[in-house]
Amino acid sequence: MSISENIANLRERIASAAHRAGRHPQEIALMAITKTVAVESIREAHDAGIRLFGENRVQEFDAKSGHLELAGAESHMIGHLQSNKANRAAQLFDAIDSVDSLRLARKLNAAALELDKKLSVLVEINIGGEAAKTGIAAESNELDELLQAAPELSALEFRGLMAVPPYHDDPEDSRSYFRDMRRLFAKLSNQNFPGIEMKTLSMGMSHDFEIAIEEGSTCVRIGTAIFGERNK
Ligand SMILES: *Cc1c(COP(=O)(O)O)cnc(C)c1O
């Protein structure tokens, strides 16, 4: 199957999952995750209509982005970002979807101010409470502190939440985590934090995106199902 066939196929599956949940397919954005993917393949995805791209390493995207001219597209950082790479990330990306501390948010804000640029951000939640994963704990002071700091971080536009739940072979087993994310998203939306517009709930990957959509995802992040298995 070609990349464009994979994308057409995914769009159908996204639409079916949306309909099962009584949702509109347009509510769900399809982000292509391009880690380890060659620039030719990224161009193919762009030609097939993808306008949202995600990478999880600053250095890799730094090397590739010079060879990519993706008209009308947005590139998002979706992997763990070390503070010492915040400056470069703020230059390279349109959005950072993996903000997981107030410290990192401050660094990104300073970098974006310097660049005279607005940077969209999502707060990454460690929804499974896994020690090995990044992200802020769902019900924590750290999360509250970060959200309350939004008005002073004037170069950052807080748009919502991202999560990678614990991996399960059977995606049905991830449903409760996606549901917890939707509840947290709704709760934080209702709290109306100044300077925060909760509109994106980024969750769901190749093997579990349909469940994530049924549970309220507004952005699915798909690598393998578009580009094939990654070479390790
Ligand atoms: C790699 C990655 C994805 C895509 O994973 P696939 O299983 O290949 O679809 C999504 N989100 C994050 C944070 C990733 O690192």
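Ala8 is partly exposed, at 42% relative accessibility; that label covers anything between buried, under 20% relative accessible area, and exposed, over 50%, with a 1.4 Å probe and protein chains only. You'll find Ala8 in helix H1, residues 3–20. Helices here are DSSP runs of H or I with at least four residues, strands are E runs of at least two, and both are numbered from the N terminus.

A quick word on the model: it is a predicted one, where local features need pLDDT of at least 70 and side-chain atom pairs count only at pLDDT 80 or more, while totals for chains, interfaces and linings use all residues. Residues are numbered from 1 along each chain as its sequence is written, and side-chain values use heavy atoms, leaving out hydrogens and water.

**Around the ligand**

Met205 turns up again here, since the residues surrounding the ligand include Ile33, Asn56, Ile78, Val164, Met205, Arg221 and Arg230; to be listed, a residue needs a heavy atom within 4 Å of the ligand.

| Side chain | Distance to a ligand oxygen |
|---|---|
| Lys35 | 2.6 Å |
| Ser206 | 2.5 Å |
| Thr224 | 2.5 Å |

On its own the ligand has 390 Å² of accessible area, and the protein covers 89% of that (Shrake-Rupley method, 1.4 Å probe).

**A buried loop residue**

Which loop holds Thr218? Thr218 is in the one between helix H8 (209–214) and strand E8 (219–222). With a relative accessible area of 17%, Thr218 counts as buried. Setting aside neighbours within four places in sequence, Thr218 touches Arg23, Glu27, Ile28, Ala29, Lys199, Thr200 and Leu201, a contact being heavy atoms within 4.5 Å.

**Two positive phi values**

Asp116 isn't a glycine, yet its phi is positive, near 55°. Asp116 belongs to the loop between helix H5 (102–115) and strand E5 (119–125), and is exposed at 73% relative accessibility.

Asn192 is another non-glycine with a positive phi, about 50°. Look for Asn192 in the loop between helix H7 (175–191) and strand E7 (196–202). Is Asn192 buried or exposed? Asn192 is exposed, with a relative accessible area of 61%.

Terms used:
A polar contact is a pair of N or O atoms within 3.5 Å; within protein, one must be able to donate a hydrogen and the other to accept it, and residues adjacent in sequence count only if both atoms are side-chain atoms.
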